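Reader: I am new to this structure and would like to go through it with you. Could you show it first?
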Amino acid sequence: LKKYGVEPSIALDVINSSSGMSLQSQRLPQYVLSRKFDFGFQLALMKKDVGIAADLVEKLTPSASLIPEVRRVMETAEGELGGDVDYMEVAKLLEARAGCELR
């Protein structure tokens, strides 16, 4: 992050007070494995946030490959599931691609 002008101590404070502190892995059992998919954040909003990150990465690190793929997954998910669903429902799309259900 320092490469992008973000002080590591500030980044750490932000990450530790946000979803960056492995929130996804902590919430997986409660919201995906339980099949509730109700974290409370719309897929359209997640897609927007991913798009902002992807635009930044594209400008600063054009060789990056992960964030463009995440963007594609979010776009596909919104097309298939709709933007109003909870973003945790992206797991359904990934399950379908993998041919297995997370439980």
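Reader: Is Glu-89 buried or exposed?
Author: Glu-89 counts as buried, because its relative accessibility is 17%; buried means under 20% relative accessible area, exposed over 50% and partly exposed in between, with a 1.4 Å probe and protein chains only. This is a predicted model, in which local features need pLDDT of at least 70 and side-chain atom pairs count only at pLDDT 80 or more, while totals for chains, interfaces and linings use all residues. Residues are numbered from 1 along each chain as its sequence is written, and side-chain values use heavy atoms, with hydrogens and water left out.
Reader: Where is Glu-89, and what does it touch?
Author: Glu-89 lies in the loop between H4 and H5; helices are DSSP runs of H or I with at least four residues, numbered from the N terminus. Leaving aside residues up to four places away in sequence, Glu-89 touches Phe-37 and Leu-81, where contact means heavy atoms within 4.5 Å.
Reader: Turning to H4, which of its residues are buried?
Author: Ile-67, Val-73, Met-74 and Ala-77 are buried in H4. Seen down the helix axis, the buried residues of H4 fall within an arc of 110°, so they line one face; the arc is that of the directions from the axis to the C-beta atoms.
Reader: What do they pack against?
Author: The buried residues of H4 pack against helix H3 (43-60) and helix H5 (90-98).
Reader: And which exposed residues are on the face turned away?
Author: That face of H4 carries Gly-79 and Glu-80.
Reader: What comes just after H4?
Author: Gly-82 follows, with a positive phi of about 95°.

Note on methods: Helices (H or I, at least four residues) and strands (E, at least two) are DSSP runs, numbered from the N terminus.
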